[in-house]
Amino acid sequence: MNSDAVLLLETVNFAAEKHRNQRRKDPEETPYINHPIGVARILSHEGGVIDIEVLQAALLHDTVEDTDTSLAELEATFGTIVARIVEEVTDDKSLPKHERKRQQVEHAAHCSCQAKLVKLADKLYNLRDLNRSTPVGWTAERVQEYFVWAREVVRGLRGTNSVLEQKLEELFRQRGVQL
């Protein structure tokens, strides 16, 4: 087995362990690990991304935000680059939700290209998921508001990956949200 495959399997295993008791908010309560795996798959299969550190960061992108994982642990286990990318896409959970959302919009344009790739794929996965199944407790209005907010984040990520950006543009167009 080549070293990239070994690295990805180690990363998937780490993320699966960290997210093992978490579920998505859809009515089916999908295992949470499906999300980071799906984000990495979008990058590789649709975005043509082969940068191993970007793929690892995609698999790990919610570990610091949503589990007991620290950036120091990620750096010790996966290296400085992967930890930095994850840090760039991690929200500060000590802030109120509206402030975290505002900061995502504000910081998007200033992220590294690697972090922008993860953010693009994350938004694409989440928007597709919202189209597939409305989270428990969400109204149609809240779903539409998420699309509008995601558009603002994606505007700051433009010029990163034309394929992913076109797929996002199509989702926004279908919702009547102009990019």
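Mentor: A patch is made of residues with over 30% relative accessible area and no salt bridge, and nonpolar side chains such as Val, Leu and Met are joined within 5 Å. Keep in mind that this is a predicted model.

Trainee: Okay, so what makes Met1, Val6 and Leu9 a nonpolar surface patch?

Mentor: Met, Val and Leu are on the list of nonpolar side chains. Met1, Val6 and Leu9 together make a patch of about 340 Å², and Leu9 sits in helix H1.

Trainee: Why is Thr30 called buried?

Mentor: Buried means under 20% relative accessible area. Thr30 comes in at 18%, so it counts as buried. You'll find Thr30 in the loop between helix H1 (3-18) and helix H2 (34-46). Leaving aside neighbours within four places in sequence, Thr30 is in contact with Arg23, Arg24 and Arg132.

Trainee: And Leu124, why does that one count as buried?

Mentor: Go back to the cut-off of under 20%. Leu124 has 0% relative accessibility, so it counts as buried too. Leu124 belongs to helix H8.

Trainee: How do you know that Leu124 touches Lys167?

Mentor: Contact means heavy atoms within 4.5 Å, and Lys167 is among the residues Leu124 touches, along with Ile42 and Leu171. In sequence, Leu124 and Lys167 are 43 residues apart, yet their C-alpha atoms are 7.6 Å apart in space.

Trainee: Which helix gives the most to the lining of the largest pocket?

Mentor: That's H8, with 7 residues. The largest pocket has a volume of about 980 Å³. It is lined by 32 residues, and among those closest to its centre are Lys25, Asn126 and Trp138.

Technical notes:
Residues numbered from 1 in each chain as written. Predicted model: local features only at pLDDT ≥ 70, side-chain atom pairs only at ≥ 80, totals over all residues. Heavy atoms only, no water. Helix = DSSP H or I, 4+ residues; strand = E, 2+ residues; numbered from the N terminus. Buried < 20%, exposed > 50% of the residue type's maximum accessible area, 1.4 Å probe, protein only. Patch = residues over 30% accessible without salt bridge, like charges linked within 9 Å, V, L, I, M, F, W, Y side chains within 5 Å. Areas by Shrake-Rupley, 256 points an atom, 1.4 Å probe, with all protein chains shown as cover. Salt bridge = Lys/Arg side-chain N within 4 Å of Asp/Glu carboxyl O. 1 Å grid on protein atoms, 1.4 Å probe; cavity = no way out; pocket = protein on both sides within 12 Å on 5 of 7 lines; lining within 4 Å. Points joined across faces, edges and corners; volume = space filled by probe spheres on them.
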